[in-house]
Amino acid sequence: MDFVKIIANINRTIENALSQTPFKLVPIVAADLSEPIIRPSIKVTFDDIKSNKVNPLLYTQNISCRIYYFAVDCNKTRIENLKMSSILQNALIAGFITDEVTTDIIDGVLVLTFDLELLEMFEQYSVPETVEEAQDTNVKQPIEQMSELKIKGEII
C-alpha cells in the first residue's frame with residue numbers, strides 16, 4: 001500500500017476539479033494542521049487506517065480521509081465554503097474516489113470526510129511487476145518481458 005500515491009491521486013482529482021473555477025490558484029498544502037494556516041488553502045489527511053484479513057491471500061484497508069478547506073477570510077466563509085463543497089463533492093464522487101462524502105463546517109473551516117476501502121494482496125503472495133523485481137525476490141517462476149514472448153513460432 002502506497003499512501004503517497006493515494007494522496008497524490010486525491011490531490012490530482014482536487015486540482016483538476018478546481019482548474020476551471022475561481023479556486024484554481026488555491027494551493028494544496030502538506031503542512032501539519034498545528035502549523036499556521038495559509039488562507040486560502042486545502043489540506044488532505046488520513047485519520048484512521050484499519051486493516052482486516054479477508055482470507056490467507058487478501059486483506060482490506062479502510063482509510064478515513066479528510067479534506068480541509070480554509071477560506072480566504074475566516075470571518076466570511078459561508079458562500080465560499082458552499083461553492084468549494086459543491087466542487088469537491090462532485091469531483092470525489094464523479095472521479096470514483098468514493099461513493100459518499102460527508103460535509104461539515106467547523107469554526108468556519110470546510111471539512112469533507114470520506115472513506116476508502118482497498119483490497120490488497122499480502123506481500124508474500126504478490127506477483128512481481130518487472131523481471132528485475134522477480135529476480136530480486138528470488139521468484140522461481142519464469143517471467144519474460146513482452147518483447148521476448150513468442151507464441152509457438154507465430155509472429156504477432
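Asp107 counts as exposed, at 76% relative accessibility. Here, buried means under 20% relative accessible area, exposed means over 50%, and partly exposed lies in between (1.4 Å probe, protein chains only). Asp107 is placed in the loop between E4 and E5. Its phi is positive, about 50 degrees, although Asp107 is not a glycine. Most residues other than glycine have a negative phi, and most peptide bonds are trans. A cis peptide bond is present between Arg39 and Pro40, with omega about -10 degrees. Pro40 lies in the loop between E1 and E2.

The model is predicted: local features need pLDDT of at least 70, side-chain atom pairs count only at pLDDT 80 or more, and totals for chains, interfaces and linings use all residues. Residues are numbered from 1 along each chain as its sequence is written, and side-chain values use heavy atoms, with hydrogens and water left out.

The protein has 3 helices and 5 strands. Helices (H or I, at least four residues) and strands (E, at least two) are DSSP runs, numbered from the N terminus. Along the sequence, the pattern is α-β-β-β-α-β-β-α. Of the 156 residues, 31% count as buried. Contact means heavy atoms within 4.5 Å. Among contacts between residues at least 6 apart in sequence, 56% join residues at least 24 apart.

The 5 strands of an open sheet follow the order E1-E2-E3-E5-E4, with mixed pairing. The edge strands are E1 (28-29) and E4 (102-106), and each pairs on one side only. Two strands pair if DSSP finds at least two bridges between them. Strands of a sheet pair through backbone hydrogen bonds, either parallel or antiparallel. E1 and E2 run parallel and are joined by 2 bridges. Val29 has Lys43 in E2 as its bridge partner. E2 and E3 are antiparallel, with 11 bridges. These two strands, E2 and E3, form a hairpin with 4 residues between them. Ser51 is bridged to Gln61 in E3. E4 pairs with E5 (residues 109-121) in the antiparallel sense, over 5 bridges. Asp104 has Val111 in E5 as its bridge partner.

Helix H1 (residues 3-18) packs on this sheet. H1 touches E1, E2 (41-53), E3 (58-70) and E5, and its direction makes about 140 degrees with that of E2. Axes are lines fitted to C-alpha atoms, for helices over the stretch in contact, and angles run from 0 to 180 degrees between N-to-C directions. H1 has 16 residues and reaches 23 Å from its first C-alpha to its last. That is close to the 22 Å expected at 1.5 Å a residue. The expected span is 1.5 Å times one less than the number of residues.

Buried residues in H1 are Ile6, Ile10, Asn11, Thr13, Ile14 and Leu18. Seen down the axis of H1, its buried residues fall within an arc of 155 degrees, so they line one face of the helix. The arc is that of the directions from the helix axis to the C-beta atoms. These buried residues of H1 pack against E1, E2, E3, H2 and E5. The face of H1 turned away from its buried side carries the exposed residues Val4, Lys5 and Asn16.

Leu25 is found in the loop between H1 and E1. Leu25 is exposed, with a relative accessible area of 76%. The C-alpha atoms of Leu25 and Glu15 are separated by 9.1 Å, and the two residues are 10 apart along the chain.

Helix H2 (residues 78-94) lies across E2, E3, E4 and E5, and runs at about 15 degrees to E5. Ser85 is found in H2. Ser85 counts as buried, at 9% relative accessibility. Not counting residues up to four places away in sequence, Ser85 touches Thr103, Leu110 and Leu112.

In soluble globular proteins, nonpolar side chains tend to be buried together. A nonpolar core is a set of buried Ala, Val, Leu, Ile, Met, Phe, Trp, Tyr and Cys residues joined through side-chain atoms within 4.5 Å. The largest such core here has 23 residues, and those with the most contacts inside it are Ile10, Ile42, Ile67 and Phe114. H1, E2, E3, H2 and E5 each give two or more residues to this core. Beyond four places away in sequence, residues touched by Phe114 include Ile10, Ile63, Ile67, Leu92 and Val101.
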